[in-house]
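Please look over the chain shown here before reading the notes on its fold and on a few of its residues.

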Amino acid sequence: MSLSQKDTHLLLRLGFLPRGWAARRLSKLGREAFVEEQLHPERLPEDPEVDRGLEALKLLDLPPRELARLEDGEERAYYRLLQRYLLLQSRSRRRLAARVEAFWVNHFYVPAEAAGVWLAHYHRSLARHALGRFRDLLFVSARHPAMLVYLNADGNVKEHPNENYARELLELHTLGVDGGYSERDVKEAARALTGWTTHPRSEDGFYFDPEAHDDGPKRILGHAFPAGRGIADGLQLLDLAARHPATARFIARKLAQWFVSDDPHAGLVERLAGVFQRGRGRIRPVLRELFGAPEFYAAAGRRLRTPLEFLTAAMEATGTVFTDEWRLRDTLNRLGQPYLGWKTPDGYPTQARAWSGTSGLLARWQVALELTQEADGDPDGGWGLLAQLERRTPAAATVGAWVRTAALEVWGHEPAPGRLAALVDYASDGAGADRALTPTLAGRKRAGLFALLLSAPEFQWI
């Protein structure tokens, strides 16, 4: 199936490869209707295999306190959350929802080791609002035990205000480092949030302790906070931060960096920020504007996949599943992006400069070889991973047609003449593009061809 350059670009940025169900669906609906369907995942039936995979991860639905009573419950939940991430990012039909959920998890970031048994609950809580309103996401994050404990907000009391969460709230979650707030705003925000803590008997783990709250008057972001209001101080602070014009620009720029490029066009950011403000922080209209913007389609090939994005795209291209936890974790460690392993609250970087070093690219090439040459043909998954590479290989009469079709399905476009000649030379043993593609030749060259396609810059940059 032949897609336009714009269609291909849209699929790649939504997290799909330009093949299979996604390509057929986009061709049937057109770009605007396809995006609209992705913006309403509740209306879109999931792939039955994905539903079965999610059913096997029911441990993630356990309340944190029940999880804590299980042997190795915290560790088991972490691994299942990683399995869920890979499943949704490499196989789900609701790919945009998965990509946006990952964005918010990275934006309101809490490392796995800090969240403990609350990790899966935190992710579920963010996922429920991922395509909803920013204000709801902010409130979920601010009240959640995972965030409260990670940033020491659970120990923020009137006698000794702790500024950790207040600082990250303004710098990382809302206004941004250049958002116009002052050091005094940080200190006053910390006072407003005193008493926000956790309690083992509360339903969601959150508890407001009025005895620990500083009830004196405050002034934050130019607004007066009268004395004696208790928890209303923190609620007003969150509401002000969510509605601040600097927040609109900060979130708009981060979404554009996630979906468009490392340095998105200023005009696009301003338009997205305007939609954010007019829609009172609703995310769907912002994404609708983004995926219809000419700047989005002009950015083809200008975004480097992060290691996690590379792995999920390579898994989709090869039909790979990991059958061994150690092998999966080792793969992510070598790629340099262990799942939720970033130590600081700014989340993993998305810019190319963070991931384009020589060692990182060498690790990608090694993983490409493993997914194509070690996984294929091992029905028991004895190497810790199992691919369906033969099923992913397109049919063709000649080597030239085979190479072009494979590149179209993996990269989204045919190779440039020089690249095509090199790939054909390899796949044909030097006999040329017109050599007949026999089952024996395809079986001998399949893994190597896919390894070359996955290792190429055309697969890294989308």
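## Overall fold

This is a predicted model, and the secondary structure of its protein chain comes to 26 helices and six strands. The radius of gyration of the chain is 24 Å, close to the 23 Å that the globule rule gives for 462 residues, so the chain is as compact as a globular protein of that length. Along the principal axes, the C-alpha atoms fill a box of roughly 85 × 50 × 40 Å.

Of the contacts in the protein chain with a separation of 6 or more, 68% are accounted for by residues 24 or more positions apart.

## Burial, surface and charge

Of the 462 residues in the protein chain, 55% are buried. The accessible surface of the chain comes to about 19700 Å², and carbon and sulfur atoms contribute 51% of that area.

As for charge, the protein chain carries 61 positive and 59 negative side chains, with the centres of the two sets 5 Å apart.

## Helix α20 and its buried face

Helix α20 spans residues 325-335, and its buried residues are Arg327, Leu328, Thr331, Leu332 and Leu335. Seen down the axis of α20, these buried residues fall within an arc of 130°, so they line one face of the helix.

What do the buried residues of α20 pack against? Their partners are the helices α6 (73-91), α19 (307-318) and α21 (358-374), together with the strands β5 (321-322) and β6 (385-386).

## Gly234 in helix α14

Gly234 is found in helix α14, which covers residues 232-243, and with a relative accessibility of 0% this glycine counts as buried, because the cut-off for burial is under 20%.

When its neighbours within four places in sequence are left aside, Gly234 is in contact with Ala192, Leu193 and Trp196. With Leu193, the separation is 41 residues in sequence, whereas the C-alpha to C-alpha distance in space is 5.0 Å.

## Two residues with positive phi

Leu340, which is found in the loop between α20 and α21, has a positive phi of about 60° although it is not a glycine. Is Leu340 buried or exposed? At 7% relative accessibility, Leu340 counts as buried.

Asp429 lies in the loop between α24 (417-427) and α25 (439-455), and its phi is near 55°, a positive value in a residue other than glycine. Asp429 is partly exposed, with a relative accessible area of 41%.

## Ser428 in the loop between α24 and α25

Ser428 is also found in the loop between α24 and α25, and at 0% relative accessibility Ser428 counts as buried, whereas Asp429 is partly exposed.

Which residues does Ser428 touch, not counting those up to four places away in sequence? On that basis Ser428 touches Val399 and Arg435. The C-alpha atoms of Ser428 and Gly400 are separated by 8.4 Å, and the two residues are 28 residues apart along the chain.

Note on methods:
Residues numbered from 1 in each chain as written. Predicted model: local features only at pLDDT ≥ 70, side-chain atom pairs only at ≥ 80, totals over all residues. Heavy atoms only, no water. Helix = DSSP H or I, 4+ residues; strand = E, 2+ residues; numbered from the N terminus. Rg over C-alpha atoms; globule rule 2.2 N^0.38 Å. Buried < 20%, exposed > 50% of the residue type's maximum accessible area, 1.4 Å probe, protein only. Contact = heavy atoms within 4.5 Å. Areas by Shrake-Rupley, 256 points an atom, 1.4 Å probe, with all protein chains shown as cover. Lys, Arg positive; Asp, Glu negative; His and termini not counted. Charge placed at Lys NZ, Arg CZ, Asp CG, Glu CD. Arc of directions from axis to C-beta.
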